[in-house]
Amino acid sequence: MSNIKISDDQRIVRHKLPARLSHWTLVLCFFITGLSGLAFFFPDFSWLVQVLGTPQLARLVHPFTGIVMFVAFLNLVRIYWRHNFPEKNDWVWLKNIHEVLKGNEHAVSDNGKYNLGQKMLFWTLILAMFTLLITGIIMWRQYFAHNFSIPVIRIAILFHSACAFLLFTGIMVHIYMAFWVKGSIRGMVEGWVTVRWAKKHHPRWYREEVLPELEKELAEKQNKV
């Protein structure tokens, strides 16, 4: 197998279809829930509810799209949790963050499937999403709010707002980084990246998980010829 040559332009799977479907469902629900929530919190943005038709409809839809967003996120957690635990190499990435920001990440850190920045975002989103779900249920006037006292509801509103801001900030950083690292968006839209991309941004993931599968697949093809 060591004699098998693999082109840097070879396509490899980065995200499978179930993960991509969950991701884009989350994106859609994030914008619907986020825009309506922003309109509820800041009266100056009340015009945003026109995206959903009327303020009444927006208030009705907001919690349901939030639940769908949470379910989609749970599926992503199920798929990716094992790749997001901190590792010793992550601190090398952090200590050399100045080189990472220059685009020299491959020269200073031997990343697995995700780097420390992505892992930090993952756990931040878990904290924000679970808090938003719990506080959102407490605040849901139509079904649950009457079971809680006014002080509890006020505390829930405070935490809900803070975590909504945390979620929004994290997602904006995520979007920026997706555009900054060329090829990342294609990986989530079409599901594939090139060997060259994997070697540069996530070399250990390529060596330990992708390369053995590629060599096995190519060897089987050669044996059939």
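A residue is called buried under 20% relative accessible area, exposed over 50% and partly exposed in between, using a 1.4 Å probe and protein chains only. By that scale F45, at 34% relative accessibility, counts as partly exposed. The model is predicted, so local features need pLDDT of at least 70 and side-chain atom pairs count only at pLDDT 80 or more, while totals for chains, interfaces and linings use all residues. Residues are numbered from 1 along each chain as its sequence is written, and side-chain values use heavy atoms, with hydrogens and water left out.

The chain has 225 residues, of which 38% count as buried. Its C-alpha trace spans about 70 × 40 × 30 Å along the principal axes. There are ten helices and two strands, where helices (H or I, at least four residues) and strands (E, at least two) are DSSP runs numbered from the N terminus. Read from the N terminus, the order of elements is β-α-α-α-α-α-α-α-α-β-α-α.

UniProt, in an unreviewed entry, places "domain: Cytochrome b561 bacterial/Ni-hydrogenase" at residues 14–191. UniProt positions are given here in the numbering used for the model, feature names are shortened, and annotations may be inferred rather than shown by experiment. Over residues 14–191 the chain is 72% helix and 0% strand, and the end C-alpha atoms lie 6 Å apart. For "transmembrane region", the unreviewed UniProt entry lists residues 21–42, 62–81, 120–140 and 152–179. Residues 62–81 are 95% helix and 0% strand, with end C-alpha atoms 27 Å apart. Residues 152–179 are 100% helix and 0% strand, with end C-alpha atoms 40 Å apart.

Two helix pairs can be followed in turn. Helix α1 (residues 17–41) packs with helix α2 (residues 55–80) at an angle of about 145°, the axes being 8 Å apart. Axes are lines fitted to C-alpha atoms, for helices over the stretch in contact, and angles run from 0 to 180 degrees between N-to-C directions. The crossing of α1 and α2 is left-handed, meaning that the near helix is turned anticlockwise from the far one by less than a right angle; clockwise would be right-handed. The residues of this contact divide into 16 nonpolar, ten polar and one charged. Here Ala, Val, Leu, Ile, Met, Phe, Trp, Tyr, Cys and Pro count as nonpolar, Asp, Glu, Lys and Arg as charged, and the others, Gly among them, as polar.

Helix α6 (residues 116–139) and helix α7 (residues 150–180) pack at about 150°, with axes 8 Å apart. α6 passes α7 in a left-handed crossing, and their contact has 17 nonpolar, seven polar and no charged residues. L127 is in helix α6 and counts as exposed at 52% relative accessibility. The C-alpha atoms of L127 and L166, 39 residues apart along the chain, are separated by 9.4 Å.

The structure holds 13 aromatic pairs. F42 and F45 have ring centres 6.2 Å apart and planes at 75°, so this pair is edge-to-face. Rings of Phe, Tyr and Trp (its six-membered ring) pair if their centres lie within 6.5 Å; planes under 30 degrees apart count as stacked, over 60 as edge-to-face and the rest as tilted. F42 is partly exposed, at 39% relative accessibility. Ring pairs also link F64, W140, Y143 and F144 into a cluster.

R11 lies over the face of W192, 3.8 Å from the ring centre, and the charged end of R59 sits over the ring of F40, 4.4 Å from its centre. The criterion is NZ of Lys or CZ of Arg within 6 Å of the ring centre and within 35 degrees of the ring normal.
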